[in-house]
Amino acid sequence: MNEKAFEVFVSLTLLLAGLLTLAFRKRRNPFIGFRVGYTYHSKRVWERVNTFAGVFSIVYSLLLLVLALYGVSMNAFILVMMAFVGAELFVGLWMARREYELEELSEEAPEKPPAIETEKQSISIKPYILIQLGFLAFYLLLVALLWDRLPESVATHFTASGEPDSYSSRFWGVIGVPVLAWLLPLVLTIPAREPGFFARANFYPRSLRAWCLFTTVLSGGIVLVVTLALLHNAGLVSGNAITYGAYLFLGVLIFAVYRLLTVGKDERV
Amino acid sequence: MLDGGGEKALRKLRKDLRSGLYSYLVLSLLSEEGELHGYAIRKRLGELSGGKLVPSEGALYDILKSLKKYKLVEDFWVEVNGRPRKYYRLTDLGREVLLALRDEIRTIERTLMRLEELE
């Protein structure tokens, strides 16, 4: 698939996602829509946030389609797409939280917190954030130390047998892409500060700590793989090391997903 | 009966007067009641004022957010019947600020009484 075909495919997929989100804006469900605790627990919040997300997705996917047909580079296309998806997530979450809290003020609840459940249900995400920042600091330190040994064009993607099949400029390949990938689990960790982010449903994480452990393992895995790619580009390890690293990462990730799905609400993680 | 301009001015002054007053009332209520749900705050204010001083949900949301920003109240989530509900309580700083505000309120009360005596 060439670049233009790929960009058109991504734009049309996002357009379909936007249309489906809009179509299901009045029907809460576990599969389609902006699904976080705030939207899942409130009909009003679900409808408002999914109306916004649906319309916003349709508008930016059409814009992406125009960019794809115009023939912009893959890097520019991905940057614009990530900016739109990020903005949608940010505004959607902000809106969901605000609407949920507004609804809280008009929905009758026990005046005082029930005695049996007065324990504060928020957790501190600081240790998990610090560990993830530590991963990034370690990686950036290695980048600084190896910068002069890196070629102008670095390998950014590898086949299953460890052969490079995609290249990029040095800055984008060893800093831009890895930092953007590292941001994903970090952004997913932050909502754990708010217990209202997670729905009280069986298919959602039951333990916020298990969720933070999962995102931190994800962060560690991403940093492991990009570190191996960095070492490979500096000529210090073979392509096979990246393959083994990726398998190790997948193994640990599967374990973290298993813990995420099986750990009890009050169980220590 | 006020004319259009008078109504507009009254609405503006009432809004100004109430915006500060609501913050004081919320702090006082939490000081007396301990932990309360947001809906209960509105309900209690309605009961205490005979339905005349009930902030809208939007106004109370902004008031609580502002009190939280200044660390005068803190909120916490509790799961009730499978749904996260948000409760509020006064902080130590909130208690101190409330005491200082009470002095202000007494001064306002005394001034108003003296003004009435002048009439």
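Reply: E2(B) and E3(B) form a hairpin with 2 residues between them, and B:Asn81 in the turn has a positive phi of about 50 degrees. This is a predicted model in which local features need pLDDT of at least 70, side-chain atom pairs count only at pLDDT 80 or more, and totals for chains, interfaces and linings use all residues. Residues are numbered from 1 along each chain as its sequence is written, chains are lettered from A and ligands numbered from 1 in the order in which they are written, and side-chain values use heavy atoms, with hydrogens and water left out.

Strands (E, at least two residues) are DSSP runs, numbered from the N terminus. E2(B) and E3(B) run antiparallel and are joined by 8 bridges; two strands pair if DSSP finds at least two bridges between them. B:Val80 stands opposite B:Arg83 in E3(B). On E3(B) there is also strand E1 (residues 36–37) of chain B, antiparallel and joined by 2 bridges, with B:Leu36 partnered by B:Tyr88. Of the 8 residues in E3(B) (residues 83–90), 7 are buried, that is, under 20% relative accessible area with a 1.4 Å probe, protein chains only.

Now the single residue. B:Asp75 lies in strand E2 (residues 73–80) of chain B. Its side chain makes polar contacts with the side chains of B:Lys68, at 2.7 Å, and B:Lys86, at 3.0 Å. A polar contact is a pair of N or O atoms within 3.5 Å; within protein, one must be able to donate a hydrogen and the other to accept it, and residues adjacent in sequence count only if both atoms are side-chain atoms. Leaving aside residues up to four places away in sequence, B:Asp75 also touches B:Tyr87 and B:Tyr88, among others, where contact means heavy atoms within 4.5 Å.

Key. Helices (H or I, at least four residues) and strands (E, at least two) are DSSP runs, numbered from the N terminus. Buried means under 20% relative accessible area, exposed over 50%, partly exposed in between (1.4 Å probe, protein chains only).
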